[in-house]
Amino acid sequence: MYRPHPFHWTPADGQRHASADAHPPGALVYPDGTEVTTLCERTVLAESGDMAWLWPTCADCNAAARALVGLPPLAGER
């Protein structure tokens, strides 16, 4: 299976979070209600739907994801 990064994005708790948790077998996304541990060290329940994917990105997950793939922080990030 193609996996470009060691994490996945998922909408949860009003933001788009990143997680290194594996998707359930056969799933391309975390199904609604799946408990996910995020890169910002929170435990959230995955949500879905077109509008959920438009939620803002969690800044802490984004910073952690960038670090995992070797990118520098965005301007203004700690």
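Asp 13 is found in the loop between E1 and E2, where helices (H or I, at least four residues) and strands (E, at least two) are DSSP runs numbered from the N terminus. The model is predicted, so that local features need pLDDT of at least 70 and side-chain atom pairs count only at pLDDT 80 or more, while totals for chains, interfaces and linings use all residues. Residues are numbered from 1 along each chain as its sequence is written, and side-chain values use heavy atoms, with hydrogens and water left out.

**The hairpin of E1 and E2**

- Strands E1 and E2 pair in the antiparallel sense over 5 bridges; two strands pair if DSSP finds at least two bridges between them.
- The two strands form a hairpin with 2 residues between them.
- The bridge partner of Ala 12 in E2 is Gln 15.
- Asp 13 has a positive phi of about 55 degrees, although it is not a glycine.
- With a relative accessible area of 48%, Asp 13 is partly exposed; buried means under 20% relative accessible area, exposed over 50%, and partly exposed in between (1.4 Å probe, protein chains only).
- Of the 5 residues of E1, 4 are buried, so this strand is largely enclosed by the rest of the structure.

**Helix H1 and what follows**

- Helix H1 spans residues 59–68, and its buried residues are Cys 61, Asn 62, Ala 65 and Arg 66.
- These residues lie on the same side of H1 because they cover an arc of only 135 degrees around the axis; the arc is that of the directions from the helix axis to the C-beta atoms.
- The buried residues of H1 pack against strand E1 (8–12) and strand E2 (15–19).
- Val 69 is placed in the segment after H1 and counts as partly exposed, at 34% relative accessibility.
- Not counting residues up to four places away in sequence, Val 69 touches His 5, Pro 6 and Phe 7; contact means heavy atoms within 4.5 Å.
- Val 69 and His 17 are 52 residues apart in sequence and 16 Å apart in space, C-alpha to C-alpha.
- Gly 70 follows H1 and has a positive phi, near 80 degrees.

**Nonpolar cores**

- The largest nonpolar core has 7 residues in all: Phe 7, Ala 18, Leu 39, Cys 40, Cys 58, Cys 61 and Ala 65.
- A nonpolar core is a set of buried Ala, Val, Leu, Ile, Met, Phe, Trp, Tyr and Cys residues joined through side-chain atoms within 4.5 Å.
- Leaving aside neighbours within four places in sequence, Leu 39 is in contact with Phe 7, Ala 18, Ser 19, Ala 20, Cys 61, Ala 64, Ala 65 and Leu 68.

**Aromatic rings**

- The model has 1 aromatic pair, under the rule that rings of Phe, Tyr and Trp (its six-membered ring) pair if their centres lie within 6.5 Å, with planes under 30 degrees apart counted as stacked, over 60 as edge-to-face and the rest as tilted.
- This pair joins Phe 7 and Trp 9 edge-to-face, at 5.9 Å centre to centre and with 90 degrees between the planes.
- Phe 7 is buried, at a relative accessible area of 9%, whereas Trp 9 is partly exposed, at 24%.
- Over the ring of Trp 9 sits the charged end of Arg 16, 5.2 Å from the ring centre; a charge sits over a ring if NZ of Lys or CZ of Arg is within 6 Å of the ring centre and within 35 degrees of the ring normal.

**Exposed loop residues**

- Glu 41 lies in the loop between strand E3 (35–37) and strand E4 (43–45).
- Although it is not a glycine, Glu 41 has a positive phi of about 65 degrees, and at 73% relative accessibility it counts as exposed.
- Leu 28 is found in the loop between E2 and E3 and is exposed, with a relative accessible area of 72%.
- Leu 28 and His 8 are 20 residues apart in sequence and 9.6 Å apart in space, C-alpha to C-alpha.
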